[in-house]
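Open the model in your viewer and keep the sequence at hand. The stops below go from backbone to side chains.

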Amino acid sequence: MVVLMMVSTPPPATANPSQPQITRSTHPASPHTGHPTGFTNPVTRLPRPNRVLRTFNKPAKNWLPGHRGVDLEAALTDPIYAAGDGTVIYAGILAGIPTVSIEHPGGLRTTYQPVLPLVAVGDTVTGQQPIGTLAPGGTHGYPGLQWGAKFGADDYINPLTLLPAPVIRLKPPPSA
């Protein structure tokens, strides 16, 4: 049996030709990963990773040891940028590490450590906006920026999957 539901929506507002209409992406999902796309690297602001110092290693069970983010190369006091549009939900010290967390559309949360915040809880940020600077000390003995991403309380994903897939071009072999 098929049930159809009709939902009444108000008519669209009349466009004012003197003001441009601005729309924002809500990070559509990648057909390859199912994760939102349109994010950029929080260190370089480019749509690809820079040098990865420590890879994502999600444990089989949440209580097991692992690495629930990636560590990206960054120098002390480098600016750190929001990877995408969202709202700051944490900016402070977490377990002794300066941390910024951003909630993005679709329930995705990204976290940046160790970052001395330039933003406050409740601030709306746009992708590529500075959110802080890399603090001394690294995280758990590793230098650089630890960038994490998750859905809900503990569904951690590799944050590199938020970046566009690389375009691979094969070079033809040299002529004989």
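**Stop one: before the strands**

Select Arg45, in the segment before strand 1 (52-54). Strands here are DSSP runs of E, at least two residues long, and numbered from the N terminus. This is a predicted model, in which local features need pLDDT of at least 70, side-chain atom pairs count only at pLDDT 80 or more, and totals for chains, interfaces and linings use all residues. Residues are numbered from 1 along each chain as its sequence is written, and side-chain values use heavy atoms, with hydrogens and water left out.

Check the backbone of Arg45: phi is positive, about 65°, although the residue is not a glycine. Arg45 is partly exposed, at 38% relative accessibility. That class lies between buried (under 20% relative accessible area) and exposed (over 50%), using a 1.4 Å probe and protein chains only.

**Stop two: charges over rings**

Arg45 lies over its face, 4.3 Å from the ring centre. Next, show Arg68 with Tyr156: the charged end of Arg68 sits over the ring, 5.9 Å from the centre. The test asks for NZ of Lys or CZ of Arg within 6 Å of the ring centre and within 35 degrees of the ring normal.

**Stop three: two loops**

Where is Pro114? Look in the loop between strand 6 (108-113) and strand 7 (115-117). A cis peptide bond joins Gln113 to Pro114, with omega about -20°.

Move on to Gln128, in the loop between strand 8 (124-125) and strand 9 (130-134). Its phi is also positive, near 75°, and Gln128 is not a glycine. Gln128 is partly exposed, with a relative accessible area of 35%.

Conventions: Helix = DSSP H or I, 4+ residues; strand = E, 2+ residues; numbered from the N terminus.
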